[in-house]
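Subject: Structure handover

Hello,

Here is the structure we talked about handing over. Please open it first, then read the notes below.

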Number of protein chains: 2
Amino acid sequence: MAVGNIEFPHMHAVSGIKLGATCAGIKQTERDDLLLVEMTEATTCAAVFTQNAFCAAPVLVARDNLEKQPRYLLVNSGNANAGTGEQGLLDAQASCAAVAKLSDVNSEQVLPFSTGVIGEALPINKIVTALAGAQANLKEDNWDKAAHAILTTDTFAKGYSKIIEIDGQSVTVTGMSKGAGMIQPNMATMLGFIATDARISQANLQECLTETVEQSFNRITVDGDTSTNDACVLMASGKSSLPELIAGSDVMLQFQLAIQEACKYLAEAIIRDGEGATKLIKIKVQQAVSDAEAVEVAKTIAHSPLVKTAFFASDPNWGRILAAVGRSGVDGLDVNKISIYLGDVCIVDKGGRATSYTEAAGQKIMDQQEITVTVDLGRGECEQQVLTCDFSYDYVRINAEYRT
Amino acid sequence: MAVGNIEFPHMHAVSGIKLGATCAGIKQTERDDLLLVEMTEATTCAAVFTQNAFCAAPVLVARDNLEKQPRYLLVNSGNANAGTGEQGLLDAQASCAAVAKLSDVNSEQVLPFSTGVIGEALPINKIVTALAGAQANLKEDNWDKAAHAILTTDTFAKGYSKIIEIDGQSVTVTGMSKGAGMIQPNMATMLGFIATDARISQANLQECLTETVEQSFNRITVDGDTSTNDACVLMASGKSSLPELIAGSDVMLQFQLAIQEACKYLAEAIIRDGEGATKLIKIKVQQAVSDAEAVEVAKTIAHSPLVKTAFFASDPNWGRILAAVGRSGVDGLDVNKISIYLGDVCIVDKGGRATSYTEAAGQKIMDQQEITVTVDLGRGECEQQVLTCDFSYDYVRINAEYRT
C-alpha cells in the first residue's frame with residue numbers, strides 16, 4: 001500500500017545504544033510489541049512531545065523524566081495508555097519501576113512511550129513479565145527488530161541510517177519512526193527515535209531536535225488529527241571520536257543538517273505509509289508574508305477531504321484547491337495575484353484558470369504517484385512545504401475497522 | 001441515502017413571490033437546472049454570502065446588486081461560474097442583462113446565483129436561450145419545481161413551509177436549500193432561498209437573516225470545506241396584512257423565531273443529505289468560556305476524519321473524540337474537568353473513562369441513526385451546537401467521481 005518503493009535500509013549500529021524487542025502479547029501475540037532501549041551512561045537525550053491537551057500517561061511521565069538523565073526508553077505498541085486517568089499514570093510509572101528493578105538505574109531515568117488503542121487499561125502485568133526477555137535481547141545491532149516492534153497500523157517499518165564524516169571523524173545517525181494515521185503532529189511527531197554517537201550537551205541536542213522537528217515531522221499530515229501519544233527522541237551517546245559539538249560552530253551545523261535529513265526522511269516515510277494512501281503530495285506555498293501563513297495555507301489544502309479525494313481519483317480538479325486557498329483565512333488575500341501549479345503545469349494564473357492550461361496536461365501530472373502542488377500567494381517572500389497523502393476507500397476501511 | 005425520513009412538505013405559496021424553472025441543459029439535459037424568482041415591487045431582500053476569498057463571479061455581482069432593490073433572482077445548477085476570472089464576471093452580468101431584457105427592471109436589480117462545477121466557463125448562451133421558458137413558468141406555487149432545479153449532488157430536495165399567526169395575522173414562511181458537500185458555511189450557507197409575506201425594512205431583514213444564519217447554516221459541516229458560491233437569501237414581499245415589523249418589538253421577535261426555525265430545518269436537511277452520510281450527529285459543547293470556544297471545540301470534533309469514520313462504523317471509539325477535544329486549541333484547557341456523553345451515556349468523566357461506562361451502553365447509542373455527543377468543558381457557561389454527519393465509503397466514491 002505504500003507510495004513509492006521504500007526499502008528498509010541497513011541500520012548501522014550506534015555505539016552506546018542497545019535495543020531489545022520482544023512480544024508481550026499486548027494486543028496480539030504474533031509479533032514483537034515491546035521495545036527496550038538502553039543508553040550508555042554519558043548519553044544526552046532530547047525529546048519533544050504532543051501538544052494535545054489530552055496527552056497520554058506515558059507522555060506525562062516521559063516529559064517529567066527527561067531531565068533526570070534518562071538511561072532507558074520503554075516502548076510498547078498495541079495500547080496507547082491514553083484517556084486512562086490516574087490508573088494510567090500509575091501503570092506508566094510501574095513500567096518504569098520494572099525497568100529500574102532489572103537494571104542499576106533509578107525508575108525516573110526511564111522514559112515510557114505507548115502507541116495503540118486509546119482508553120483501554122495498559123496490561124501492565126504482561127509488560128512486566130515480558131521485560132526480562134527484552135532486556136536479554138539488548139544489542140547495538142537490533143534496529144531492524146526494534147523498528148518493527150513499534151508499529152501499529154503501519155504497513156512497513158521506517159528506518160534511516162547513515163555514517164557521515166564531520167571534521168574528519170565519522171558520525172553515525174540511525175533512526176526509526178512509526179505512524180500512518182492520526183497524523184498532524186503538533187510540536188512533535190508520531191513515535192520517532194533517532195540515535196547518534198556524536199557528543200553534545202543536552203541543551204544543544206534539545207535545540208537541534210526542536211528546530212528539526214518543526215521542519216520535518218511538523219510538516220506532515222495524514223488526517224489532521226494529532227495523537228495523544230506523539231513523541232520524538234534524539235539520543236547522543238558521545239562514543240564518536242568527534243569532539244563535543246559547540247553551538248553555532250560549522251561542525252554543529254553539519255550535524256544539524258544530518259539530523260534534519262534523517263527526520264525529513266522518516267517523516268516522509270510516515271506519509272508514504274499514510275492510511276490507505278495511494279499518492280504522496282507535496283504542497284509548497286511560496287511568496288507568503290510569513291512562514292506561519294504559508295503553513296496555514298498548505299495545511300488547509302492538505303486537510304481538505306475534497307482535495308484529497310480528487311487526488312485519489314487522479315482528477316485534476318483544481319477548483320477544490322482554489323476553494324481551499326480561498327477559505328484558509330489569510331488576511332487581505334488578493335486572489336488576483338495567486339498562481340497555482342500542479343507539478344510544472346500552471347493551472348491558475350492571476351486568480352483564474354490559466355489560458356495555457358489543458359485538461360490533458362493536468363491529467364498527466366495527476367496520474368503520477370508523487371505530485372507537487374505549488375501555490376504562489378504573490379504577497380511576500382516566505383515559503384513552506386507540507387507533505388500529505390490522498391484519501392481513499394481504504395482510509396475509511398482502515399479507520400472503520402481499527403480502533404485507535 | 002438521507003439520514004432519517006425527510007418528506008418534502010407542501011409548500012405554501014408566498015404572495016408576491018413567483019418562481020419559474022426550466023432545463024437549460026447546463027450539465028445535463030434530464031432535469032431543470034435554471035430557476036428564475038420574481039419578487040413583487042415592494043419586496044425587501046436580504047442576503048449573506050460566502051467568506052471564501054475566491055468567491056465566484058455571481059457572488060461578486062449579487063453582493064453589489066443587493067442594495068439596488070432586487071426584483072429577480074436567477075439561479076443555475078451544474079456550473080458554479082467560479083475560478084473563471086474576468087470572463088466569469090462578464091457572463092454573470094450578461095445573465096442579469098438577459099433577465100432585464102425580458103422584464104421591465106434594470107439589470108442591476110437581478111441577483112445571480114450559480115452552483116456546480118468550479119472552473120468551467122458558464123454556458124451563457126444556453127442560459128439566455130432557456131430564460132424565456134423560465135419566465136413563462138413564473139408562478140407563486142412553483143416551489144416544489146424550484147427546489148429541485150437548484151440541486152447538484154443532493155439526493156433530495158429540501159423544503160420548509162409554514163403559515164404562522166403573529167399578532168392575529170397570518171404570515172407565510174416558505175424556503176428551500178441545496179447542499180450535500182463542500183459544506184462548512186462561513187457567514188453564509190450553501191444556496192438557501194427563503195421567502196415570507198411579512199413587511200419589513202431591508203435593514204431589519206438583513207439583521208434578522210445575519211443573526212439567524214449564524215445559528216443555523218453556520219452551525220453545520222459536512223467536510224469542512226467552504227464553497228466559493230455559498231449564499232442565502234431572505235425575501236419579504238410585504239403582502240401579509242401584518243403591519244411593518246419594528247426592530248425590537250415582540251412581533252419582530254416572533255418573526256425572527258419563525259425564520260430561525262425555517263433556517264435550522266433547512267440546515268439540518270443539508271446534513272441529513274451529507275454526501276455518503278449514514279448518520280446525523282449533533283455535537284453540543286457546553287460549559288465553555290465563550291460561544292466561539294464552544295464552536296471551535298465542536299467543529300474540531302465534527303471535522304475529524306477519525307471521529308467521522310468511527311461513527312460510520314458505529315464504533316463507540318470515544319478515544320478519538322477525546323483526542324479531538326485535546327487538540328482543539330482551547331487555551332488552558334483542564335482535561336480533568338471534562339466530561340463527554342454519547343447520547344445520555346457518560347463515557348468520559350473528569351478527563352478519564354467513566355467508571356460507569358460499559359461498551360454495551362456505548363454501542364447501543366452508536367447503533368442509532370441520530371446521535372448527540374455532549375462535551376462539558378467545565379470552565380464557563382456558554383453552549384453551542386454543530387451538526388455534522390459521518391464519513392463513509394460513499395463520501396469517497398461521490399467525491400472521487402464528481403467534479404465540484
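Cys346(A) is buried, at 16% relative accessibility. Here buried means under 20% relative accessible area, exposed means over 50%, and partly exposed is in between (1.4 Å probe, protein chains only).

Before going on, some ground rules. This is a predicted model, where local features need pLDDT of at least 70, side-chain atom pairs count only at pLDDT 80 or more, and totals for chains, interfaces and linings use all residues. Residues are numbered from 1 along each chain as its sequence is written, chains are lettered from A and ligands numbered from 1 in the order in which they are written, and side-chain values use heavy atoms, with hydrogens and water left out.

Cysteines

Over all chains, the structure holds zero disulfides. A disulfide is a pair of cysteine sulfur atoms within 2.5 Å. Cys263(B) is in no disulfide; its nearest cysteine sulfur belongs to Cys232(B), 5.1 Å away. Cys263(B) is buried, with a relative accessible area of 0%.

Aromatic pairs

How many aromatic pairs are there over all chains? A search of the whole structure finds nine. Rings of Phe, Tyr and Trp (its six-membered ring) pair if their centres lie within 6.5 Å; planes under 30 degrees apart count as stacked, over 60 as edge-to-face, and the rest as tilted.

One of them is edge-to-face: Phe312(A) and Tyr393(A), 5.5 Å centre to centre, with 90 degrees between the planes. This pair links distant parts of the chain. Phe312(A) is in helix α8 (residues 305-312) of chain A, and Tyr393(A) is in helix α11 (residues 393-401), 81 residues apart. Helices (H or I, at least four residues) and strands (E, at least two) are DSSP runs, numbered from the N terminus. Phe312(A) is partly exposed, at 22% relative accessible area. Tyr393(A) is partly exposed too, at 32%.

In chain B, the ring centres of Tyr160(B) and Tyr265(B) are 5.6 Å apart and their planes are at 50 degrees, so this pair is tilted. Tyr160(B) lies in strand β6 (residues 158-166) and Tyr265(B) in helix α6 (residues 250-272), so the pair ties together parts 105 residues apart in sequence. Tyr160(B) is buried, with a relative accessible area of 7%. Tyr265(B) is partly exposed, at 34%.

There is also an aromatic cluster. Phe391(A), Tyr395(A), Phe391(B) and Tyr395(B) form it.

Charges over rings

The charged end of Lys158(A) sits over the ring of Phe156(A), 4.3 Å from its centre. In chain B, the charged end of Lys158(B) sits over the ring of Phe156(B), 4.3 Å from its centre. The test is NZ of Lys or CZ of Arg within 6 Å of the ring centre and within 35 degrees of the ring normal.

Pockets

The largest pocket holds about 1,000 Å³ of space. A pocket is found on a 1 Å grid over the protein atoms alone: it is an open set of points where a 1.4 Å probe fits, with protein on both sides within 12 Å along at least five of seven lines, and lining residues have an atom within 4 Å of a point. Grid points are joined across faces, edges and corners, and the volume is the space filled by probe spheres set on the points.

Which residues lie nearest the centre of the largest pocket? Of its 35 lining residues, they are Glu296(A), Arg327(A), Gln184(B), Glu296(B) and His303(B). α7(B) gives the most to this lining, with six residues. By class, the lining has eight nonpolar, 16 polar and eleven charged residues. Ala, Val, Leu, Ile, Met, Phe, Trp, Tyr, Cys and Pro count as nonpolar, Asp, Glu, Lys and Arg as charged, and the others, Gly among them, as polar.

The second largest pocket has about 330 Å³ of space. It is lined by 20 residues, and closest to its centre are Cys55(A), Leu60(A), Gly85(A), Val335(B) and Asn336(B). α2(A) gives the most to this lining, with three residues.

Loops

Ser314(A) has a positive phi of about 55 degrees although it is not a glycine. Ser314(A) is buried, at 15%. Gly332(B) lies in the loop between α9 (318-326) and β11 (339-342) of chain B. Gly332(B) is exposed, with a relative accessible area of 61%.

Best wishes
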